[in-house]
Amino acid sequence: MGKATVIPFGPQHPVLPEPLHLDLVVEDEKVIEAIPQIGFVHRGLEKLVETRDYNQFIYVAERICGICAMGHSLGYAETVESLMGVEVPKRAQYLRVIWHELSRIHSHLLWLGLAADAFGFESMFMHCWRLRERVLDIFEKTTGGRVILSVVKVGGVVRDIDDAQMAEVIATLDGIVDDYTKIMNTLLTDASVKNRTVDVGYISHDEALALSMVGPFARASAVGYDVRSFGRGAYGDLSDFQPITDDGGDCFARVKVRCLEVLQSIEIVKELAAKIPVGDIEVAVKGAPAAGAQASNVLEQPRGECYYYARGNGTKNLERMRMRTPTSQNLAGMTKALAGCDLADVNMIILTIDPCISCTER
Amino acid sequence: MGSFKLGGMTFGSLFKKPETVLYPVVTKTAPAGLKGHIVNDASLCILCGICQKTCPCHAIEVDKKARTWAIDPFRCVQCGSCARACPKACLAMEPTYTPVAAVQAVTVVEVPDPKAAAE
């Protein structure tokens with residue numbers, strides 16, 4: 001065995017879209033331990049609830065992260081609605097879920113492109129992002145924004161999708177499926193991809209449970225936990241929803257779970273678009289959360305379960321707003337997956353966990 | 001080997017309409033509902049100040065005495081709260097982006113006084 005050396009990894013690294021620092025303790029080419037350090041993009045957004053009222057804070061919440069923007073605005077709005085006892089119209093619930101699932105598709109396609117780029121598969125990176133652009137075009141047409149949508153409000157949504165637009169959304173998704181399936185089949189059957197991902201960064205089912213991992217990272221270790229299966233909001237009207245799991249526990253299983261989740265999300269959007277009821281898209285919300293009133297909420301973000309907590313103080317400003325994001329849950333699992341791996345596999349393991357540091361630090 | 005598996009799709013792209021446009025010679029048509037920038041129809045504005053209170057980033061400033069409505073486009077995040085809250089519907093979002101500026105300046109709109117106009 002060689003002498004242990006510490007190699008700094010990040011916060012600026014070609015494979016990382018966001019700043020994460022790791023101290024990699026290596027012996028020869030083996031990583032013995034990985035010590036993560038975050039804190040490079042902390043912006044103090046939770047503190048802003050003291051100076052922005054509960055309606056204004058929704059625009060702060062969606063700026064926590066560009067990729068999870070729709071999810072954060074939705075999670076925050078649902079928390080405040082449960083704090084104030086607001087019942088959202090059914091059509092608004094459907095529209096929220098449709099946009100949320102579209103944002104999952106664009107998040108996973110972005111990740112897939114980055115993963116392909118990480119193992120040197122440039123043409124796949126281009127194809128993934130080409131398809132993602134079509135989803136962003138859907139956002140642009142239906143909400144007026146490409147990444148920051150500002151479409152959710154406390155009490156409903158601010159825009160409706162009419163029948164013609166909905167048909168256009170479905171046609172665009174149908175156009176994506178064919179190309180996407182080819183990309184997915186290439187990724188899941190190609191030998192060069194398997195060489196880099198199979199048996200790399202293994203996490204067993206028991207370890208995933210013990211480390212409280214969430215999202216596709218946990219589901220790739222056969223943990224069938226998905227907040228969508230609770231059937232809240234429009235998810236309850238789906239004919240059948242089963243979380244996609246895999247028992248591989250390695251990087252390949254994570255790639256596979258995310259690949260299949262894109263197709264699952266497309267099916268959810270299509271089903272909800274067919275079932276969407278006619279009606280109002282918002283209800284008027286008046287007053288302020290009562291002093292001492294508390295509410296919590298969970299939402300399945302593209303990276304896993306995100307927990308929201310809010311407490312009122314009788315004014316329009318909340319007393320406290322707290323989020324626990326999926327990446328902060330998964331960091332422990334990430335260090336576990338990195339321990340014992342080859343130095344060359346570190347970037348692949350980090351990418352397949354899909355860390356979102358902006359969400360984690362806020 | 002992966003490149004060969006995707007080769008069909010990549011080769012087919014040579015004969016398809018390009019996904020990108022030749023910017024800046026060609027620009028994409030903005031969809032009708034694009035959140036571009038806020039405009040104020042001064043003839044309808046009553047300077048009530050609701051937009052100023054609603055704005056989450058304090059980008060709007062209403063001065064009743066000077067009869068001006070001002071927006072800082074560099075603070076505005078295009079959320080559209082002001083346009084939705086406006087009781088006179090004088091605020092609207094135009095589907096074009098704010099032009100590039102060399103200097104960060106506030107856009108000031110002078111609101112005509114209906115009484116003075118009547119006299």
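I began with helix α10 (residues 326–338) of chain A in this predicted model. I found that α10 of chain A lies across β6, β7 and β8 of chain A, and that α10 runs at about 130° to β7(A).

Next I looked up the sheet under that helix. β6, β7 and β8 of chain A form an open, antiparallel sheet of three strands, in that order. I noted β6 (294–301) and β8 (318–324) of chain A as the edge strands, each pairing on one side only. From one strand to the next, the twist averages 15°.

Then I checked one strand pair. β6(A) and β7 (residues 304–312) of chain A are antiparallel over eight bridges. Within this pairing, I see A:V298 opposite A:Y307 in β7(A).

On to the annotation. The unreviewed UniProt entry places "domain: NADH-quinone oxidoreductase subunit D" on residues 120–284 and 290–362 of chain A. For residues 120–284 of chain A I have 56% helix and 2% strand, with the end C-alpha atoms 51 Å apart. For residues 290–362 of chain A I have 36% helix and 33% strand, with the end C-alpha atoms 26 Å apart.

Last, I turned to the neighbouring chain. I have 17 residues of chain B in contact with 23 residues of chain A. On the chain B side, α1 (2–5) and α2 (7–13) of chain B each give two or more residues. The largest share, three residues, comes from α1(B). I sorted that side of chain B into eight nonpolar, five polar and four charged residues.

Conventions:
Residues numbered from 1 in each chain as written. Chains lettered and ligands numbered in written order. Predicted model: local features only at pLDDT ≥ 70, side-chain atom pairs only at ≥ 80, totals over all residues. Contact = placed C-beta atoms within 7 Å. Helix = DSSP H or I, 4+ residues; strand = E, 2+ residues; numbered from the N terminus. Nonpolar A, V, L, I, M, F, W, Y, C, P; charged D, E, K, R; others polar. UniProt positions renumbered as here; feature names shortened; annotations may be inferred. Pairing = 2+ DSSP bridges. Axes fitted to C-alpha atoms, helices over the stretch in contact; angles between N-to-C directions.
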